[in-house]
Amino acid sequence: IFHPAIVRQNFSMFSCRQLGDGYWYLNADLSVQCWRGEHLDWLLGLAVPGTLLWILCTPVLLLAILHKQRRNLQETFIKGKYGFIYNGLLPEYYYWEGWILVRKVAMICTSVFLQFLEDRLQGLATLAVLMLAYYVQDLCRPYEEDELNKLESRSLLVAFITMYCGMCFVSENLSSETKLVLFLIVLGANLFFLANVAIQILFSFSEKLHQCHPRLFRHFEQVGKHKVLKYSSVLPGK
């Protein structure tokens, strides 16, 4: 959960731009000169160790352990220790969480290190990452439940639509009516995705409840059938 925020904070320490005086300054605070003094202290004391430990070493170490144990991932001990990384994935895609981390880091890189580019070029780089992620997801379909594969693909598609419409929205050449249409497209796409997520959560909850309390479900089914029969008996012609 905290990985993207930590990555962004670490990367922001490396994001500098050159100003008119020829020196480089921190994008997050243009009063701080890069690569010297206080910035260098923070860089060597926090940003570099954090990048090596949190962004590189920890994910690589976990994936190396999973790769070593790839034939034993269904054993109780291994699953209890590392199952949170690959639960719900097909056996051959045990490493998929690592790909998701790479995707998130790539998205953060486009927003942090490409700040010096025009908004449109920065947006195109983000769209390229989303297109690649959608293609890989649609090609591999790594989740055991097909509904999860569909939700993941839809989330990437909605992100692409939102980003593309946002790029068009900031254009000064568009009329107010066109911008309204773009806004409605973004709103509709996001509401459609949220509705899909809500429906999937309800189905999952009902299945879990059915497994835990089968008698309760049978009772509701009997009550429902009784009401249907009762309603049918009072209809005209019955």
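Begin by selecting Glu147, which is partly exposed, with a relative accessible area of 32%. The model on display is predicted.

The side chains of Glu147 and Lys150 form a salt bridge, with 3.8 Å from N to O. Because these two residues stand 3 residues apart in helix 6, about one helical turn separates them. Lys150 is itself partly exposed, at 32% relative accessibility.

Next, select Asp146. A salt bridge joins its side chain to that of Lys150, again with an N to O distance of 3.8 Å. Asp146 and Lys150 are 4 residues apart in helix 6, so about one helical turn lies between them. Asp146 counts as partly exposed, at 36% relative accessibility.

Together with Asp146, Glu147 and Lys150, they are linked in a network of salt bridges.

Remain in helix 6 and move to Glu152. Its side chain meets that of Arg103 in a salt bridge of 3.0 Å, N to O. Arg103 belongs to helix 4 (residues 96-112) and Glu152 to helix 6 (residues 146-169), so this pair ties together parts that are 49 residues apart in sequence. Are these two residues buried or exposed? Arg103 is buried at 13% relative accessibility, and Glu152 is buried at 15%.

Finally, select helix 2 (residues 37-68) and helix 3 (residues 76-86), whose axes come within 11 Å and cross at roughly 115 degrees. Helix 2 is therefore roughly perpendicular to helix 3. Their crossing is left-handed. Show the side chains of Leu62, Ile65 and Leu66 in helix 2, which meet Tyr82, Ile85 and Tyr86 in helix 3. The residues of this contact comprise 6 nonpolar, no polar and no charged.

Conventions:
Residues are numbered from 1 along each chain as its sequence is written. This is a predicted model: local features need pLDDT of at least 70, side-chain atom pairs count only at pLDDT 80 or more; totals for chains, interfaces and linings use all residues. Side-chain values use heavy atoms; hydrogens and water are left out. Axes are lines fitted to C-alpha atoms, for helices over the stretch in contact, and angles run from 0 to 180 degrees between N-to-C directions. Angles under 35 degrees count as roughly parallel, over 145 as roughly antiparallel, 65 to 115 as roughly perpendicular and the rest as oblique. A crossing is left-handed if the near helix is turned anticlockwise from the far one by less than a right angle, and right-handed if clockwise. Contact means heavy atoms within 4.5 Å. Ala, Val, Leu, Ile, Met, Phe, Trp, Tyr, Cys and Pro count as nonpolar, Asp, Glu, Lys and Arg as charged, and the others, Gly among them, as polar. A salt bridge is a side-chain nitrogen of Lys or Arg within 4 Å of a carboxyl oxygen of Asp or Glu. Buried means under 20% relative accessible area, exposed over 50%, partly exposed in between (1.4 Å probe, protein chains only).
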